[in-house]
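Please walk me through this structure, starting with its strands and helices and ending with its charged side chains.

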Amino acid sequence: MDTMQRQPLYLRLRKRIGIRPGKEVTLGQAARLLGESEEQERRLGQVVLYRHSKPDGNRVVIDLLQIVSQLRELEPGLSIEAYGDPQVLVMIADKPPKPRIPLLVFSWLLLFFGAGLAIMNFHTDVSMKEVHIRIVELITGEHNEHPLWFQIPYSFGIGLGMVLFFNHLFRKRFNEEPNPLEVELFTYQENVNAYVIADEMRKKNDRQTARSEDDA
């Protein structure tokens, strides 16, 4: 009977949020809430979960059990249903980092010429020139050491294939499907977040263990 009278609150923790040094993290910032009323969501969304202090560094992990414990102290009759990730990563920075244009240009040039050299080396390894000469000879019956009418469209085809593969031409997308580079960047960011969360939880457990040993 007591279970039936509990007020339900559904929450889904965000993966990663950012705050400025010295600021606080509220439940509304750390999670998406769904309660019985908008007033309940607004009230609980203002609950402060964490206040940043300088010794904490530039990243902190807020655990779901910490949130549940704090909410039950405030409202014992609250029934909490949590979905999604069990931790939220809080990044502390004074302001978002600005892109460094010289580094961006250097990286772009490095990738551009590196990709070009990789393609040329591949063509050399597989004797692509001889293959083109042989294909043209089979089609026309004539041996031509420089079949440009075949090689030039082939070169444009490589560029067109790369554009279609990455689904991007400058800022224009051809469809909403993510390209392989975006998928790899997403996977990399997920792995980084998982590692940082695991590392911060390990440090927190080590500090708690050291504190318990000191008290003993």
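Two strands are said to pair if DSSP finds at least two bridges between them. The strands themselves (E, at least two residues) and the helices (H or I, at least four residues) are DSSP runs, numbered from the N terminus. This is a predicted model, in which local features need pLDDT of at least 70 and side-chain atom pairs count only at pLDDT 80 or more, while totals for chains, interfaces and linings use all residues. Residues are numbered from 1 along each chain as its sequence is written, and side-chain values use heavy atoms, with hydrogens and water left out.

Strand β2 runs parallel to strand β8 (residues 87-92), and four bridges join them. Arg16 has Leu89 in β8 as its bridge partner. On the β6 side, β8 is paired in the antiparallel sense over five bridges, and Asp63 has Gln87 in β8 as its bridge partner. Four of the five residues of β6 are buried, so this strand is largely enclosed by the rest of the structure. Buried means under 20% relative accessible area, exposed means over 50%, and partly exposed lies in between (1.4 Å probe, protein chains only).

With strand β7 (residues 78-83) it pairs in the parallel sense over six bridges; Leu9 has Ile80 in β7 as its bridge partner. Strand β4 (residues 31-34) runs antiparallel to β1, and four bridges join the two. In that pairing, Leu13 stands opposite Ala31 of β4.

What does the side chain of Thr26 reach? It reaches the backbone oxygen of Gly45, at 3.4 Å. A polar contact is a pair of N or O atoms within 3.5 Å; within protein, one must be able to donate a hydrogen and the other to accept it, and residues adjacent in sequence count only if both atoms are side-chain atoms. Apart from its neighbours within four places in sequence, Thr26 is in contact (heavy atoms within 4.5 Å) with Gly45, Gln46, Val47, Val48 and Leu49. Thr26 is buried, with a relative accessible area of 15%.

Two helices can be checked against their expected span, which is 1.5 Å times one less than the number of residues. Helix α5 (residues 101-125) has 25 residues and reaches 36 Å from its first C-alpha to its last, close to the 36 Å expected. Ser127 follows α5 and has a positive phi, near 55°. Helix α7 (residues 148-166), with 19 residues, reaches 27 Å between its first and last C-alpha, close to the 27 Å expected. After α7 comes Asn167, whose phi is also positive, near 60°.

The charged side chains remain. Side chains of opposite charge can pair when their charged atoms come close. The structure holds 12 salt bridges, a salt bridge being a side-chain nitrogen of Lys or Arg within 4 Å of a carboxyl oxygen of Asp or Glu. One of them joins Glu39 and Arg42, with the closest N and O atoms 3.5 Å apart. These two residues are separated by about one helical turn, because they are three residues apart in helix α3 (residues 38-45). Glu39 is partly exposed at 40% relative accessibility, and Arg42 is partly exposed at 48%.

Another salt bridge is formed by Arg59 and Asp199 (3.4 Å, N to O). This pair links distant parts of the chain, with Arg59 in strand β6 and Asp199 in helix α8 (residues 180-215), 140 residues apart. Arg59 is partly exposed, with a relative accessible area of 24%, whereas Asp199 is buried, at 10%. Asp199 also meets Lys203 in a salt bridge (3.4 Å, N to O). Both lie in α8, four residues apart, about one turn of the helix. Lys203 counts as partly exposed, at 33% relative accessibility. Arg59, Asp199, Glu200, Arg202 and Lys203 are linked in a network of salt bridges.
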